[in-house]
Amino acid sequence: MLRVAVIGAGRIGKIHASAVASHPQADLVAVCDPIGTAAEDLAALHGAKAYKDADDLFADPDVDAVIIGSPTPLHAPQVLGATRAGKAVLVEKPVASDVESARALEAELETFEHPPVMVGFQRRYDPSIRRAKELADAGELGTIEQVTIVSRDSAPPPASYIAVSGGIFKDMTIHDFDEARFFIGDIVEVSAFGQNVLPELAETGDFDAAVVVLRGKNGAVASITNNRRCVTGYDQRLEVHGSTGSAIMDNWRPTTLSVNTKDASGTQQPYLDFFLERYADAYRNELTAFIDAINNGTEVTPTVADGVAALVVAQAAGESAHSGRTVRLDG
Ligand SMILES: NC(=O)c1ccc[n+]([C@@H]2O[C@H](COP(=O)([O-])OP(=O)(O)OC[C@H]3O[C@@H](n4cnc5c(N)ncnc54)[C@H](O)[C@@H]3O)[C@@H](O)[C@H]2O)c1
């Protein structure tokens, strides 16, 4: 059994903790969080140890691997602390708060032998997105020409989260940048438009909605629509359009029921509530891939290099949204 610890007992830390605790090849052995009783509370649920300080956790010989779900600015130093202590790492997105820190992390990791480091772009492990990718790779859709991604959160995070998040492009759209890269590869041009539609987040100084257009090196174009609030639920859609076909992922509902009455036809339940529900399979599959990489030496994907590449696009999107210009990345 792989002995896994979770760092950060917040929204995503709780999801990872329960995925580890229910995984047949892993044990949740420790939780680390310095704030209040967060670590103790989550650890107690799963019979794990609680730590306040990540360095103490890294020194624990009974931990083989860590999942880092702490606030974004802590990711890079914690990845280095864990890998230097010989622990495998699954680090949440984004790998760092800015491109420079992410590149420094990548360069530092190349200077010593360490166990696998994987980045938490869980959408690559979502069954629908994965199937679309398999079809694209098998040539079933012909040449991929356009990718359309819609990603709207059901409710915005608190302003305190946004303050350390790095901003909408590095925090939220980064999933879409990785998803776009998954289908069209390297990105060479970025055009972004930011919006402020939520008065309660006006003081954060960040955009709370955005539309971004990306051009891939191979000529394909991806468009991304984001919003931190969607009253109809967690809106996650994808269309991969190729020269001989397309793959379309619609929103998921709790059931497939379609109800007809005298007043309306085809009425369905609202979309699933949020990422916990929508990507539950993806987080489990991601964990299995992480465990396979450690136990069986299978490919680590997405890599730190993927994390850096997505951050480069995110930074360019920020520049574009503020300047009103298209940003080129190919030279
Ligand atoms: N992949 C996904 O779907 C997904 C979803 C949500 C969040 N995230 C990422 O996960 C990270 C955390 O997001 P969240 O929404 O869970 O935030 P959160 O604020 O709910 O949780 C963060 C937790 O980290 C703890 N923490 C603070 N300092 C710490 C330290 N020094 N060591 C360990 N823990 C510390 C906080 O007390 C808090 O409990 C962010 O980087 C975010 O981008 C990823």
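**Helix packing and selected residues**

Reply: This is a predicted model. Helix H1 (residues 11-21) packs with H11 at an angle of about 60°, and their axes are 10 Å apart.

Me: Which hand does the crossing of H1 and H11 have?
Reply: H1 crosses H11 in a right-handed sense.

Me: And which residues meet there, H1 against H11?
Reply: From H1 there are Ile12, Ile15, His16, Ala19 and Val20, and they meet Tyr283, Glu286 and Leu287 of H11. Sorted by class, the contact of H1 with H11 has six nonpolar residues, one polar and one charged.

Me: OK, next pair. How do H5 and H12 cross?
Reply: Helix H5 (residues 99-109) and helix H12 (residues 304-323) have axes that come within 9 Å and cross at roughly 165°. Because angles over 145 degrees count as roughly antiparallel, H5 is roughly antiparallel to H12.

Me: Is the crossing of H5 and H12 left-handed or right-handed?
Reply: The H5 and H12 crossing is left-handed.

Me: What are the residues on each side, H5 and H12?
Reply: H5 supplies Val99, Glu100, Ala102, Arg103, Leu105, Glu106 and Leu109, which meet Val304, Ala305, Val308, Leu311, Val312 and Gln315 in H12. The contact of H5 with H12 divides into nine nonpolar residues, one polar and three charged.

Me: What does Thr72 contact, beyond its sequence neighbours?
Reply: Leaving out residues within four places in sequence, Thr72 is in contact with Lys93, Pro94, Ala96, Ser97, Val164 and Ser165.

Me: Where does Thr72 sit, and is Thr72 buried or exposed?
Reply: Thr72 is in the loop between strand S4 (65-68) and helix H4 (75-84). Its relative accessible area is 8%, so Thr72 is buried.

Me: Now Glu179. Buried or exposed?
Reply: Glu179 is in helix H9 (residues 173-184). Glu179 counts as buried because its relative accessibility is 3%, and the cut-off for buried is under 20%.

Me: What does Glu179 touch?
Reply: Not counting residues up to four places away in sequence, Glu179 touches Arg123, Ile129, Ile149 and Leu238.

Me: And Leu257, buried or exposed?
Reply: Leu257 is in the loop between strand S12 (246-249) and helix H10 (275-278). With 57% relative accessibility, Leu257 counts as exposed, because the cut-off for exposed is over 50%.

Me: Which residues is Leu257 in contact with?
Reply: Aside from neighbours within four places in sequence, Leu257 is in contact with Thr267 and Gln268.

Me: How far apart are Leu257 and Glu113?
Reply: Leu257 and Glu113 are 52 Å apart in space, C-alpha to C-alpha, and 144 residues apart in sequence.

Me: Last topic, cysteines. How many disulfides are there in the whole structure?
Reply: Zero disulfides are found in a search of the whole structure.

Me: What about Cys32 and Cys230, buried or exposed?
Reply: Cys32 counts as buried at 3% relative accessibility. Cys230 is buried too, with a relative accessible area of 9%.

Terms used
Residues numbered from 1 in each chain as written. Predicted model: local features only at pLDDT ≥ 70, side-chain atom pairs only at ≥ 80, totals over all residues. Heavy atoms only, no water. Helix = DSSP H or I, 4+ residues; strand = E, 2+ residues; numbered from the N terminus. Buried < 20%, exposed > 50% of the residue type's maximum accessible area, 1.4 Å probe, protein only. Contact = heavy atoms within 4.5 Å. Disulfide = S-S within 2.5 Å. Axes fitted to C-alpha atoms, helices over the stretch in contact; angles between N-to-C directions. Parallel < 35°, antiparallel > 145°, perpendicular 65-115°, else oblique. Left-handed = near helix turned anticlockwise from the far one by under 90°. Nonpolar A, V, L, I, M, F, W, Y, C, P; charged D, E, K, R; others polar.
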